[in-house]
Amino acid sequence: MQLIEYLNQNNILPLKQSGFRAGLSTVTGLLSVVDDILTAQDTGESTILILLDFSRAFDTIDTTLLLSKLMYYGFDCNALKWFESYLNGRTQRVRLQNETGTNIFSVASPVTRSVPQGSILGPLLFILYSADITGCFKYCQYRLYADDLQVYISFNKLNQDLSVIAEWANNNELILNSNKIKLMILGSKKLIERTNAHKPKIVVGGNYFEQVSEVRNLGIIMDSSLRFENHSKLIYDKHISSIITRAYKAMGFVIRCSCAFNSLKTIKILYCSFVRPILEYASQVWNPQYEVYKSRIEGIQKRFLKYLDYRAHTDSQNYEERCKRYHFLPLSVRRNINDVCFYLKICNGSIYSPELLSDVTLNVPLANKRKRKLLYINRAHTNYRRNSFMIRTAKFINSLNFDIDPFYTTPSVAKSTLTSEYFA
């Protein structure tokens, strides 16, 4: 698309906007935020995170102001006329159906705001409309995903940037949804207590907001210790409990619906479509390091493969045999493969994330060694930082029995090799 090429060539789109852009996703946004927070925690700092949301953001866009911004970004007269024709002259009306089934329509009203819902251009135009919000940040770090804004900082200047954001929203006729604004203080227990002792007051648009202990952020449940947990002794327990509950419900639906199916292939497709994605969404962010959490997640697939044994009238000896019989990788292996593929995409530029790419460091030994570790592992002082995506994946790549060149090996080759190694 010519529009995308123009925006990329002129670096118009914000670097930290992950929404609706090729090579970027919720995962890239989450990884960047979590990595920054864990780095701060590793150096003995807590982080204040506030999640902002705009009410009906796509519906409140001022089309006149949008066209002015497009002119500012260098769109010529013909392009502006095309966008004006696309955005203006729209009408809307309400349809009701009475008891006899007859449709009744209201009088058509002109649409003076918003971008067309469900269109390809709609999200892109909103990103352009909100691109200048990056000028609001003087002290804080931030991350955008469409109309979801994460603002975070490891010291005390948050309110100053938030007041500028509120002013920007007012000037651009966007409304901050006070019901969805969430505030968290993240770090170790001691760091959180130390920060709370100062009684930080966060103000957005003149309103004070109380902090929460957990929040769902782009589909991931985060708690104030960044352990994604339900109680302080179990790492990742809260998020894992949530996805396991959802996955069991989905698997029950699949099993009930497939009772009349004779084809095991069809049942496997249903599992891979409805159940496994729940257990793997954004696994690069929360991939657990302890066996207790791995076994809890693996229990879903173990039960499903036992069901396949039942339908096939066979009796496999163990889980590994069932995996190889039905050609399923264990979920822990799949998460490691997903980690490696995502890491390689960052290195080869398929995923554009300069922040994460800066953490990739090649190991240059002082003396020639026959076998040396390819990637340098950054030092970490806490277990949470040691299990962060970039460090965890670099360690895994170093441990492999075959060589992977992060800047040359393609994700498909790495995935094929790791899969073949398991089934060998």
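**An aromatic spot and its surroundings**

Reply: Trp 82 counts as partly exposed, because its relative accessibility is 49% and the class runs between buried (under 20% relative accessible area) and exposed (over 50%), with a 1.4 Å probe and protein chains only. This is a predicted model, in which local features need pLDDT of at least 70 and side-chain atom pairs count only at pLDDT 80 or more, while totals for chains, interfaces and linings use all residues. Residues are numbered from 1 along each chain as its sequence is written, and side-chain values use heavy atoms, with hydrogens and water left out.

Phe 83 is another matter. Its relative accessibility is 6%, so Phe 83 counts as buried. Trp 82 and Phe 83 belong to one aromatic cluster, together with Tyr 6, Phe 75 and Tyr 86.

How many aromatic pairs does the whole structure hold? The search finds 18. One of them joins Trp 82 to Phe 83, edge-to-face, at 5.2 Å centre to centre and with 90° between the planes. Rings of Phe, Tyr and Trp (its six-membered ring) pair if their centres lie within 6.5 Å; planes under 30 degrees apart are stacked, over 60 edge-to-face, the rest tilted. Tyr 290 and Tyr 293 also pair, and their arrangement is tilted. Here the centres are 6.3 Å apart and the planes make 55°. Tyr 290 is partly exposed, with 32% relative accessible area, whereas Tyr 293 is buried at 4%.

Now the helix packing. Helix H3 covers residues 63-72, helix H5 residues 121-129. Helices (H or I, at least four residues) and strands (E, at least two) are DSSP runs numbered from the N terminus. H3 and H5 pack at about 75°, with axes 10 Å apart. That makes the two roughly perpendicular, a class that spans 65 to 115 degrees, against under 35 for roughly parallel, over 145 for roughly antiparallel and oblique for the rest. On the H3 side, Leu 65, Leu 66, Lys 69 and Leu 70 make the contact (heavy atoms within 4.5 Å). H5 brings Leu 125, Leu 128 and Tyr 129. Six of these contact residues are nonpolar, none is polar and one is charged.

Next, Val 111. It sits in the loop between strand E5 (109-110) and H5. At 16% relative accessibility, Val 111 is buried. Which residues does Val 111 touch, leaving aside neighbours within four places in sequence? They are Arg 90, Thr 91 and Gln 92. Tyr 307 lies 196 residues from Val 111 in sequence and 54 Å away in space, C-alpha to C-alpha.

Two loop residues have positive phi without being glycine. Asn 11 has a phi of about 50°. Its loop runs between helix H1 (2-9) and helix H2 (26-42). Asn 11 is exposed at 65% relative accessibility. For His 313, phi is near 60°. This residue is in the loop between helix H12 (291-312) and helix H13 (319-325). His 313 is exposed as well, with a relative accessible area of 72%.

From His 313, go to Lys 268. The two are 45 residues apart in sequence and 16 Å apart in space, C-alpha to C-alpha. Lys 268 belongs to helix H9 (residues 264-274). It is partly exposed, at 23% relative accessibility. Beyond neighbours within four places in sequence, Lys 268 contacts Phe 304, Leu 308, Tyr 326 and Phe 328.

Glu 45 comes next. Its place is the loop between H2 and strand E1 (47-53). With a relative accessible area of 35%, Glu 45 is partly exposed. Past neighbours within four places in sequence, its contacts are Ala 40, Ser 154 and Leu 191. Asp 403 is 358 residues from Glu 45 in sequence, and 37 Å in space, C-alpha to C-alpha.

Last, the whole protein. It has 18 helices and twelve strands. The C-alpha atoms fill a box of roughly 70 × 70 × 45 Å along the principal axes. Of the 424 residues, 48% are buried. Take contacts between residues at least 6 apart in sequence: 69% of them join residues at least 24 apart. The accessible surface comes to about 22,500 Å², by the Shrake-Rupley method with a 1.4 Å probe. Carbon and sulfur atoms hold 51% of that surface.

How values were computed
Axes fitted to C-alpha atoms, helices over the stretch in contact; angles between N-to-C directions. Nonpolar A, V, L, I, M, F, W, Y, C, P; charged D, E, K, R; others polar.
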